[in-house]
Amino acid sequence: LLLKQLERCRKDNQLEPAMVLYEEIIGDEDANPPAPHVFNILISVAVSNQRQDVAMKYFEELKALHSQPAESVYATLIRGAVSGAEADADSGLELLKECVESGISIRFRTVQPLLKYHLDTGELDKAHDLLQSILKIDP
C-alpha cells in the first residue's frame, strides 16, 4: 500500500508526502529495509522538485543499504546536478565518473544532460572532452 502511495507521489510530483511515506517505511521495525525502487522514486521526485540535496541524501542511503545503484539513478542525479539555478556540472561529472568506475554500462541518457549543459553554456571544449572520454569508455 505504501509503495502505491509513493508511486502516486511520483506521478503527482509531490516531494513532501513522499518523504513522509519514506519515514513510515523505515519506521516499521518489523519491515525489511526499503527496496531500491523506493529510493529510485524518492530520488526522481526530489530531482523533479529541484532538490538535489534531498536526492543525494537518498542516494547515499541507497548505497549504504544496497550494493550498487542502477544506471537510471545516476542518470536522474546527473540531470538534477546540471538543472536549475544551482546547476553544478562538476558534481554531475563526479557522478558520471562514479557510475563508470563502479562498472555500470552508461547510456546516452546518463551523459546527455552534461553534454547539453556544456553546449548550452558555450563550454564547447568541455563538451568535446566529455564526448571523447565517453568514446574511450564505450566506442
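Biologist: In which helix does H118 lie?

Modeller: H118 lies in helix α7. Helices are DSSP runs of H or I with at least four residues, strands are runs of E with at least two, and numbering starts from the N terminus. The model is predicted, so local features need pLDDT of at least 70, side-chain atom pairs count only at pLDDT 80 or more, and totals for chains, interfaces and linings use all residues. Residues are numbered from 1 along each chain as its sequence is written, and side-chain values use heavy atoms, leaving out hydrogens and water.

Biologist: Is H118 buried or exposed, and which residues does H118 touch?

Modeller: Buried means under 20% relative accessible area, exposed means over 50%, and partly exposed lies in between, with a 1.4 Å probe and protein chains only. H118 has a relative accessible area of 8%, and is therefore buried. A contact means heavy atoms within 4.5 Å. Leaving aside residues up to four places away in sequence, H118 touches A89, E123, L124, K126, A127 and L130.

Biologist: How many helices and strands does the chain have?

Modeller: The chain has eight helices and zero strands. Read from the N terminus on, the order is α-α-α-α-α-α-α-α.

Biologist: Why does the radius of gyration of the chain agree with a compact globule?

Modeller: The radius is taken over C-alpha atoms, and the globule rule is 2.2 Å times the number of residues to the power 0.38. For 139 residues, a compact globule would come near 14 Å; the chain has 16 Å, which agrees. Along the principal axes, the C-alpha atoms fill a box of roughly 50 × 30 × 20 Å. Of the 139 residues, 37% count as buried. Among contacts with a separation of 6 or more, 55% come from residues 24 or more positions apart.

Biologist: Why is α5 described as largely enclosed by the rest of the structure?

Modeller: Nine of the eleven residues of α5 are buried, so this helix is largely enclosed by the rest of the structure. The buried residues are E71, V73, Y74, A75, T76, L77, I78, G80 and A81. What covers them includes α3, α4, α6 and α7.

Biologist: What does E71 touch?

Modeller: E71 lies in α5, which spans residues 71-81, and is buried with a relative accessible area of 9%. E71 touches I104, S105, I106, R107, R109 and T110, not counting residues up to four places away in sequence. E71 and C99 are 28 residues apart in sequence, yet their C-alpha atoms lie 7.2 Å apart in space.

Biologist: Which residues does S44 touch?

Modeller: S44 is found in α3 and is buried, with a relative accessible area of 17%. Not counting residues up to four places away in sequence, S44 touches R10 and T76.

Biologist: Where is Q50 found?

Modeller: Q50 is in the loop between α3 (36-48) and α4 (52-65). Its relative accessible area is 60%, so Q50 is exposed. Q50 and A85 are 35 residues apart in sequence and 9.0 Å apart in space, C-alpha to C-alpha.

Biologist: How much space lies in the largest pocket?

Modeller: Rolling a probe the size of a water molecule over the atoms shows where empty space is left. On a 1 Å grid over the protein atoms alone, a cavity is a set of points where a 1.4 Å probe fits but cannot get out; a pocket is an open set with protein on both sides within 12 Å along at least five of seven lines, and lining residues have an atom within 4 Å of a point. About 270 Å³ of space lies in the largest pocket. Of its 16 lining residues, L93, L96, K97, L130 and S133 are the closest to the centre. The elements giving two or more residues to this lining are α6 (89-101), α7 (108-120) and α8 (124-137), and α6 gives the most, with seven.

Biologist: Which residues line the second largest pocket?

Modeller: The lining consists of V47, Q50, Q52, G80, A81, S83, G84, A85, E86, A87 and D88. This pocket holds about 160 Å³ of space.

Conventions:
Grid points are joined across faces, edges and corners, and a volume is the space filled by probe spheres set on the points.
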